[in-house]
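Have a look at the structure first, then read on.

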4 protein chains.
Amino acid sequence: MGKTEDWLDLLQTPEPDMFGARARSASDAAVLRRKGHLKEQDSFIQFVQGMHQTHTTLEVMQKMDRWIAEHRAEPRTSRLRRMVPTIGSFFVPLKMVEAFQEYDDFFALSRRQYVPPNFAELRHIFNIAQVHASAQSLKLITFDADGTLYADGAHIEHDNEMIRHIVSLMRSNVHVAIVTAAGYPGAPERFEQRVEGLLAAFRQLQLPKHITDRFHIMGGECNYLLRVNAEKRLEFVPDEEWKSLVMKAWTEAQCQRLLDSAERLLLEGAHRLRLPVQVIRKERAVGVVPTSTTIYEVLEELAITVQNQLQADLPFCAFNGGNDVFVDVGNKSLGLEALMGYLGFSPPEVLHVGDRFSDTGNDSATRDCCSILWVANPEETDFFIKLLLGDIRQKKTYGPTYIE
Amino acid sequence: MGKTEDWLDLLQTPEPDMFGARARSASDAAVLRRKGHLKEQDSFIQFVQGMHQTHTTLEVMQKMDRWIAEHRAEPRTSRLRRMVPTIGSFFVPLKMVEAFQEYDDFFALSRRQYVPPNFAELRHIFNIAQVHASAQSLKLITFDADGTLYADGAHIEHDNEMIRHIVSLMRSNVHVAIVTAAGYPGAPERFEQRVEGLLAAFRQLQLPKHITDRFHIMGGECNYLLRVNAEKRLEFVPDEEWKSLVMKAWTEAQCQRLLDSAERLLLEGAHRLRLPVQVIRKERAVGVVPTSTTIYEVLEELAITVQNQLQADLPFCAFNGGNDVFVDVGNKSLGLEALMGYLGFSPPEVLHVGDRFSDTGNDSATRDCCSILWVANPEETDFFIKLLLGDIRQKKTYGPTYIE
Amino acid sequence: MGKTEDWLDLLQTPEPDMFGARARSASDAAVLRRKGHLKEQDSFIQFVQGMHQTHTTLEVMQKMDRWIAEHRAEPRTSRLRRMVPTIGSFFVPLKMVEAFQEYDDFFALSRRQYVPPNFAELRHIFNIAQVHASAQSLKLITFDADGTLYADGAHIEHDNEMIRHIVSLMRSNVHVAIVTAAGYPGAPERFEQRVEGLLAAFRQLQLPKHITDRFHIMGGECNYLLRVNAEKRLEFVPDEEWKSLVMKAWTEAQCQRLLDSAERLLLEGAHRLRLPVQVIRKERAVGVVPTSTTIYEVLEELAITVQNQLQADLPFCAFNGGNDVFVDVGNKSLGLEALMGYLGFSPPEVLHVGDRFSDTGNDSATRDCCSILWVANPEETDFFIKLLLGDIRQKKTYGPTYIE
Amino acid sequence: MGKTEDWLDLLQTPEPDMFGARARSASDAAVLRRKGHLKEQDSFIQFVQGMHQTHTTLEVMQKMDRWIAEHRAEPRTSRLRRMVPTIGSFFVPLKMVEAFQEYDDFFALSRRQYVPPNFAELRHIFNIAQVHASAQSLKLITFDADGTLYADGAHIEHDNEMIRHIVSLMRSNVHVAIVTAAGYPGAPERFEQRVEGLLAAFRQLQLPKHITDRFHIMGGECNYLLRVNAEKRLEFVPDEEWKSLVMKAWTEAQCQRLLDSAERLLLEGAHRLRLPVQVIRKERAVGVVPTSTTIYEVLEELAITVQNQLQADLPFCAFNGGNDVFVDVGNKSLGLEALMGYLGFSPPEVLHVGDRFSDTGNDSATRDCCSILWVANPEETDFFIKLLLGDIRQKKTYGPTYIE
């Protein structure tokens with residue numbers, strides 16, 4: 001066709017240099033890269049959004065109250081199951097009408113007649129209901145790291161507001177864990193770097209052992225568990241103490257075979273998509289990072305390709321990290337289940353906070369074993385944790401007598 | 001309910017001030033304001049997107065080539081009409097397959113098997129096809145101002161790349177007009193401020209009159225027409241020279257009645273939505289600007305409310321400006337038609353570039369009378385105008401002999 | 001391909017004649033002709049049906065009560081308009097909840113949890129609501145003939161139950177008209193044949209003139225109006241007495257031109273569809289009747305083809321008659337409007353009963369000018385007229401004093 | 001409400017008895033019972049039908065050829081799986097384009113531009129493709145009885161055309177079985193009554209043992225297997241010869257517990273739906289038969305209710321029989337698998353012909369273990385078996401040398 005040349009030509013054509021024209025390159029076309037809405041994909045929320053065609057939000061939430069209760073009682077044949085076949089479990093009862101009214105008092109959603117709630121607005125209402133419900137029974141709260149606790153690639157700094165929340169939660173007898181894809185085998189100091197502000201606070205506040213025992217980090221989705229030692233530093237919990245039988249049975253050879261296949265699929269996929277990438281291979285993960293601009297959709301394609309084509313003996317998690325695509329051995333559901341087993345908690349007592357709950361997000365698996373909060377950024381995490389702490393505080397004051 | 005107080009309480013609750021807690025206010029909830037996807041609403045593009053469920057993009061574009069040709073021949077009963085009842089006219093034939101292939105050479109869209117094109121990608125393909133088609137017959141190109149020629153609220157600075165493009169277009173015998181909501185009755189200098197860099201270039205380049213005669217500004221959607229005078233300054237074209245009979249018949253009293261009704265509806269709507277606003281009343285327009293944070297959805301609701309409820313003798317345009325909601329007397333379609341009549345051009349010779357083509361955007365009306373390019377920001381405008389200039393240059397070189 | 005021969009061969013292949021095999025012909029394939037559900041097409045009823053995904057029938061009907069009232073007040077911008085853009089007018093208020101409960105008492109629809117109402121069930125509920133609403137103000141009831149008053153191709157026999165109903169209606173001060181596609185210019189006796197039992201009853205009962213004056217037949221959709229004369233026979237009402245100005249302006253040449261074009265399109269269409277047909281040409285109508293077995297879908301295709309392609313100076317009605325496809329000059333809406341003008345009645349006082357209200361049915365046009373009852377066969381007509389007569393009787397007894 | 005009385009009153013109101021009015025009863029409302037389209041429900045066929053919005057039938061079938069081949073290769077992640085999550089297996093490759101063209105030669109489907117194929121037309125095209133594909137490898141063909149081999153409640157008479165087909169199939173080395181819900185434990189003569197014409201033909205034709213060995217009846221879905229003995233009469237095959245280990249493990253107590261629960265649910269359901277019924281309890285089945293008029297939808301509701309609520313240790317089949325609702329121990333899939341194991345055939349060698357393949361039909365389960373033909377009545381069965389016999393005959397003549 002010669003069309004590519006045309007584009008290059010076009011963009012390089014010198015023009016009368018009156019206004020300081022500079023040589024152009026093909027990269028100018030990058031201005032056209034605009035991502036769509038794939039991060040906001042969820043069959044249940046989209047179903048709820050669709051109901052607004054024929055319902056007010058109040059009517060929707062009244063039905064949700066009834067239908068969620070029915071689904072908790074009859075998950076296999078419930079009305080929600082028939083309407084949203086991929087729907088999961090609600091581990092605690094949700095009061096959607098109350099959550100909506102609380103939200104509405106601030107945002108006047110019910111005053112809109114023509115414009116239904118957007119995805120984020122509905123997500124927030126679900127979050128509010130979830131916070132109030134989980135606050136009653138919460139024993140363990142887990143957080144995704146990047147995009148949830150701090151900005152992508154950042155870490156918990158000393159002045160981070162989140163530190164105060166985490167300590168408050170731990171003091172309120174709630175265990176806290178960070179459940180992250182990041183994994184640094186044999187290097188607790190690398191984990192420490194990501195939460196240095198938090199550990200510094202533990203030290204500065206001289207938190208007693210029974211409090212710091214309530215903090216863990218699960219790394220590599222489900223591969224590494226760390227705790228706080230007497231020096232307020234991180235140390236690995238020995239595998240035999242916390243890993244499930246199934247996980248203990250994974251061999252090094254199986255892991256490497258899985259990662260080899262994954263690496264090959266990632267590279268083939270990137271090549272097919274004409275995406276130049278750099279491979280990052282770790283003990284229990286392999287990923288690719290684009291070396292030129294691209295859009296979310298291309299990474300999504302790559303993640304789905306691996307999800308569909310990877311044949312493996314072990315469970316794995318192929319996910320779109322937003323700026324990369326990774327395949328990890330195991331997944332957060334296995335990690336959470338192992339942690340819950342280790343600490344002795346059941347699904348209604350656990351809440352996972354994350355920012356990636358679409359089909360290609362590595363937080364999705366957690367829906368199988370506990371309640372979730374879906375946030376869009378650390379500011380939202382901050383907001384909902386404050387709401388949660390308020391509930392817990394109130395429960396202590398007015399609730400059934402409670403002795404720590 | 002007392003719930004509002006709860007929220008305020010929660011957000012103000014003092015906490016151990018170890019990490020410098022500061023007093024919080026209700027405005028913290030603002031972190032939850034996230035807009036959805038209303039700017040990307042178009043029944044035809046969404047239909048094309050939906051076809052990707054069962055078609056590759058190439059297949060979609062092959063059908064588009066056939067169906068657009070059929071629709072041009074039989075607009076009332078065409079297949080596209082049956083599938084997208086609100087579809088408009090295609091004033092020039094579009095070669096969608098070629099545009100797709102051109103786009104695909106850069107963006108490898110066809111390599112994706114699981115992730116269909118997003119809204120912007122399809123918009124870009126339509127734009128490429130439109131540029132190539134319009135280049136053949138273009139006599140007049142019109143631009144929306146804010147969000148299209150320059151960032152919202154900015155103006156054309158001296159070093160603006162766009163200046164070079166506009167001059168190139170005018171030198172290539174293409175008339176250029178800015179068609180904007182902004183209106184400054186009796187104040188050409190206010191219009192000049194918005195394009196000062198451009199006028200400076202006209203002077204610096206000592207553009208001859210027959211070139212500067214190719215530049216106009218249509219202000220207030222369709223209420224004020226300006227041209228360049230001998231001093232390279234803007235001056236109003238007298239109404240009797242360019243306004244249509246219908247527009248000339250509008251009385252001041254009718255306009256004020258319309259604006260009074262609009263102002264009342266805007267204020268009632270803002271009150272209903274609990275949105276504090278400031279009113280801006282002009283000769284031919286009235287608008288409200290929120291005085292606190294809000295989201296796009298709320299402005300959308302307000303714009304639709306006025307569209308639905310305003311009863312008026314005159315045509316009007318109620319639109320969501322992104323940061324405000326305005327009601328203008330008349331609309332861009334009337335403005336463009338008057339301009340086309342004044343300059344003597346027909347729909348296939350005209351192209352309007354804008355960033356607001358959804359139902360509440362003030363560029364939408366232009367679809368009735370000419371071809372359009374839908375851009376998301378000035379960088380995209382820049383890109384497509386370069387593409388257009390390349391086509392025009394090539395036509396001059398290789399096309400039928402052409403003497404200016 | 002030779003495939004056609006294969007089929008013929010196959011079907012003709014002699015087999016061991018043990019069980020009396022007889023020669024077969026291609027017509028055996030006719031066993032595969034099965035019509036679909038095109039007769040039950042209506043965007044509004046289908047919308048109401050779709051609501052059952054997320055609503056109980058009671059909830060649907062509660063919304064209908066509200067939304068129909070809102071649509072009557074604001075037809076241009078109502079919620080129903082936004083959801084069903086092709087929705088028409090409701091000339092009288094409908095009480096859908098009451099109608100549903102009345103229906104439900106018999107049919108226990110509300111007891112079903114998994115199987116929503118089918119099309120006919122919803123149609124019946126609308127009919128019940130319509131009967132009760134129209135009974136309050138009814139001055140004129142009109143009936144389609146074939147498929148509504150009697151079986152296709154039949155006529156009103158002496159023992160027909162419908163006779164009793166028609167007389168009861170007329171005695172209750174309700175005008176009755178048959179509005180039919182059938183047209184016999186200059187031949188009142190042909191019309192008489194279709195209703196001979198009814199006229200016989202008029203005579204036998206010695207109905208006084210002021211009663212028989214309440215009976216009319218509108219033939220050829222809108223082309224011929226007949227009344228009952230002193231001998232209880234039918235006679236044409238002179239055109240100048242009842243036709244609208246527009247209809248009076250139609251020339252014979254225009255009609256013939258329209259019918260010529262229609263005939264050509266019908267024949268071309270039938271040829272394209274490989275449907276052998278016989279043409280029937282009348283003064284104000286032309287149609288084709290298949291001369292071999294076919295299915296409803298093929299006739300539908302032919303009717304839509306003519307609707308889309310016929311260019312004409314006069315209004316026309318191209319419709320699927322079930323066993324034929326006809327194009328008539330004018331339509332039932334014009335016929336009804338003329339009749340309403342002649343008798344002096346307004347839309348809320350008129351009710352049309354028919355069996356063809358889908359897009360290719362010739363009863364559809366009546367929706368523009370009066371309320372409707374959609375029946376599936378004469379038995380349903382009988383049922384709903386009894387319901388109507390009950391209401392009228394009750395109104396007489398308990399209602400406002402009424403003197404005939 | 002008193003509304004029921006109103007209806008009864010209305011229908012009983014005496015009217016002037018001029019035209020022989022007779023007393024009416026509530027049963028008059030039965031005229032409103034009209035069934036919908038639940039028999040024609042199939043997510044795949046409906047998906048294919050939906051594609052016609054944007055595809056011609058030829059385009060649809062071209063894609064089907066590709067997508068079915070892809071789905072056979074990658075059933076878990078295929079494009080069809082993503083678009084129709086409930087899609088099953090294709091045990092043989094289907095040539096949909098060829099089947100369509102064969103159908104189209106007779107029915108001119110491709111000539112229709114506005115009216116897409118109805119459900120039955122698509123079902124026929126699938127059937128034609130299935131017949132041609134299965135003919136190549138067919139070893140066993142099984143038939144549902146009522147509605148497929150003969151009209152509901154009828155049996156195979158002496159002059160039945162189907163007899164000739166069955167014998168032809170058996171002579172062509174194809175095993176034939178009737179797989180039916182009907183079960184008569186310990187009473188082979190009851191089974192004989194249903195196929196008396198067929199057995200008479202076996203005798204009259206003096207079919208040799210190696211031919212009559214190719215005939216079986218599977219009764220009670222999967223509970224009774226019968227064969228033809230030397231006297232050309234039916235006899236039970238001892239359970240130990242043909243039942244799977246799993247089926248042999250079912251205890252009488254388990255069966256009775258299941259049937260007790262089912263009976264209770266059927267009666268509760270019928271009571272809820274206000275449907276008067278008679279219970280029919282058999283050794284391995286229980287059902288209810290309405291004792292007054294009802295519609296298909298009500299039986300559907302009852303069948304789904306039991307499907308959703310019955311908790312059982314054994315597999316079961318709760319189905320809408322059209323005029324009754326039955327719950328059988330086991331299902332046709334188990335019956336077919338056992339028969340296939342007994343005779344030594346694999347899925348690509350087997351074809352089941354039935355008329356109930358929607359979710360509440362008892363033929364649906366067979367999709368799991370073999371190819372299927374979906375017919376609407378015995379006439380269609382006759383048609384497709386003739387087509388199949390033609391293929392088999394041709395294969396014998398022209399195909400690879402074949403010695404019986």
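Which residue is the bridge partner of Gly219(D) in E4(D)? That's Tyr224(D).

## Ground rules

This is a predicted model, where local features need pLDDT of at least 70 and side-chain atom pairs count only at pLDDT 80 or more, while totals for chains, interfaces and linings use all residues. Residues are numbered from 1 along each chain as its sequence is written, chains are lettered from A and ligands numbered from 1 in the order in which they are written, and side-chain values use heavy atoms, with hydrogens and water left out.

## The sheet in chain D

Chain D has an open sheet of seven strands in the order E5-E4-E3-E2-E1-E10-E11, with mixed pairing (two strands pair if DSSP finds at least two bridges between them; strands are DSSP runs of E, at least two residues, and helices are runs of H or I, at least four, numbered from the N terminus). At the edges stand E5 (234-236) and E11 (371-374), each with a single partner strand, so one side of each has no neighbour in the sheet. From one strand to the next, the twist averages 25° (axes are lines fitted to C-alpha atoms, for helices over the stretch in contact, with angles from 0 to 180 degrees between N-to-C directions).

Strands E3 (residues 215-219) and E4 (residues 224-228) of chain D run antiparallel and are joined by four bridges. Helix H6 (residues 119-135) of chain D lies across E10 (350-354) and E11, at about 140° to E11(D) (contact means heavy atoms within 4.5 Å).

## Chains A and C

Chain C superposes on chain A by a rotation of 180° with 0.0 Å of shift along the axis (RMSD 0.0 Å) (least squares on C-alpha atoms of residues with pLDDT of at least 70 in both). The two copies are thus related as by a two-fold rotation axis.
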